[in-house]
Amino acid sequence: MGTTTSEMVATIIDPAAHADPARLHAAYAWLRKNDPIGYAPDLPDLDPFYAVTKHADILEISKDNTLFPYGDMPSTFANKEGVAQNKALKAQGRPLLYTLVQMDEPDHMKFRALTQAWFMPGNLKKLEARVRELAKDAVDRMAALGNECDFVNEVALHYPLRVIMEILGVPREEEPRMLKLTQELFGATDPDLKRQSDVPDTPEARAAEVQAVIADFFMYFNAITESRKANPLGDVASVIANAKIDGQPITPFDAVSYYVIIATAGHDTTSSSTAGGLWALADNPDQLAKVKNDLSLIPGLVDESIRWTTPVRHFMRTAARDTEVNGKKVKKDDWLMLCYPSGNRDEEVFEDPFKFKVDRSPNKHLAFGYGAHLCLGQHLAKMEMKVLWEELLPRLKSVEIAGDAKLSQASFVNGPKKLPIRYTLV
């Protein structure tokens with residue numbers, strides 16, 4: 001028997017495959033070529049869904065939130081039990097979280113507008129001097145560590161975390177707690193990152209762990225809400241705690257959900273893209289030399305690092321009515337997975353998509369999503385990475401991988417979890 005769509009779809013939802021780029025991208029490439037709207041109706045314990053792997057199709061779906069909302073299904077992939085639980089909680093009006101990435105209109109734009117101005121380029125310029133201080137601290141930390149370090153765990157995780165926690169208003173002493181909870185939330189399928197290493201690796205056990213992590217987030221951020229209501233400060237937490245939608249204060253649940261998405265997505269994906277970019281530069285010394293010789297290429301390095309890593313692996317959408325995507329009929333209530341890493345390696349869009357090019361232009365990657373749900377923090381992420389490279393590259397004479405670099409085993413948010421490097425700084 002030859003390769004089947006179901007086999008390839010089973011690969012791209014396997015968390016272990018996301019730690020094995022060759023295996024993962026072979027499956028994506030097969031789907032792009034043979035079945036770009038790949039239907040998988042027969043995978044055990046899973047509701048049928050379509051894997052959307054072409055750049056153009058992901059764009060088409062992302063642009064039309066009326067035709068392709070989140071609906072009653074989870075915004076990220078889940079097994080039948082997870083889907084049933086999500087529907088039941090929604091029906092009762094108490095989902096685990098209700099963040100920007102779970103919202104359809106009109107809620108989405110109303111909630112997004114509460115903080116959008118904070119994350120636009122004009123406001124971020126006011127923060128750049130402080131971000132540069134933190135970037136210099138990160139490079140100085142590398143220098144203090146000598147000529148070897150685990151770039152993920154000793155540098156990349158901490159710099160974006162400090163930036164977003166200052167914006168949010170979380171004190172420095174709470175950062176280890178926020179980092180641990182973020183890793184447990186996004187790394188629930190990874191044996192090194194999940195909450196309890198001795199818990200059985202089953203969907204049910206993982207779901208229970210995620211619920212426990214979210215409960216810890218709620219306990220912490222409920223206290224933040226009460227504090228900022230009593231004593232507002234000039235931070236995003238104060239904006240959220242005192243926000244109103246349609247003239248009414250937002251609920252404590254909505255406020256905590258908002259904190260959680262900013263506190264987690266606001267640093268984890270940037271850390272991953274930064275580490276993924278350095279990993280690629282170590283593997284491609286010609287590209288390192290190119291950008292060191294011309295620092296005006298740093299914005300291109302930033303976008304290529306984000307395309308190359310694509311930390312957010314997918315979101316799910318639901319068809320609101322019968323339609324067609326790329327010639328394939330999709331029925332009302334059908335579930336679709338938008339496969340961003342595949343779109344970012346689409347041979348019809350990117351020349352030499354499997355090569356890391358700091359001067360790639362154009363670079364129409366999908367790592368921030370597209371349309372109304374375009375990542376709220378994209379400008380902040382790019383600024384943080386740009387400033388770090390501006391501080392690091394003039395001092396970085398050489399870098400190489402110095403051990404077993406590893407990606408996380410996670411099929412929703414993914415990135416390097418270990419990156420031992422040997423380097424020379426001036």
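**Reading strands and helices**

Author: The bridge partner of E148 in strand β13 is R422. The model is predicted, so to speak of local features requires pLDDT of at least 70 and side-chain atom pairs count only at pLDDT 80 or more, while totals for chains, interfaces and linings use all residues. Residues are numbered from 1 along each chain as its sequence is written, and side-chain values use heavy atoms, without hydrogens and water.

Reader: In which sense do β3 and β13 pair, and over how many bridges?

Author: Strands of a sheet pair through backbone hydrogen bonds, either parallel or antiparallel. Here β3 and β13 (residues 420-425) pair in the antiparallel sense over 3 bridges. Strands (E, at least two residues) and helices (H or I, at least four) are DSSP runs numbered from the N terminus, and two strands pair if DSSP finds at least two bridges between them. The open sheet has the order β3-β13-β10, with β3 (148-150) and β10 (396-401) as its edge strands.

Reader: Which way do the residues of β6 point?

Author: In a regular strand the side chains alternate between the two faces of the sheet. From β6, H314, M316 and T318 point one way, and F315 and R317 the other way. Strand β6 (residues 314-318) has 5 of its 5 residues buried, so it is largely enclosed by the rest of the structure. Buried means under 20% relative accessible area (1.4 Å probe, protein chains only).

Reader: At what angle do helices α6 and α8 pack?

Author: Two packed helices are described by the angle between their axes and the distance between the axes. Helix α6 (residues 121-144) and helix α8 (residues 158-168) pack at about 150°, with axes 9 Å apart. Axes are lines fitted to C-alpha atoms, for helices over the stretch in contact, and angles run from 0 to 180 degrees between N-to-C directions. The two helices, α6 and α8, are therefore roughly antiparallel, a term for angles over 145 degrees.

Note on methods
Angles under 35 degrees count as roughly parallel, over 145 as roughly antiparallel, 65 to 115 as roughly perpendicular and the rest as oblique. Buried means under 20% relative accessible area, exposed over 50%, partly exposed in between (1.4 Å probe, protein chains only).
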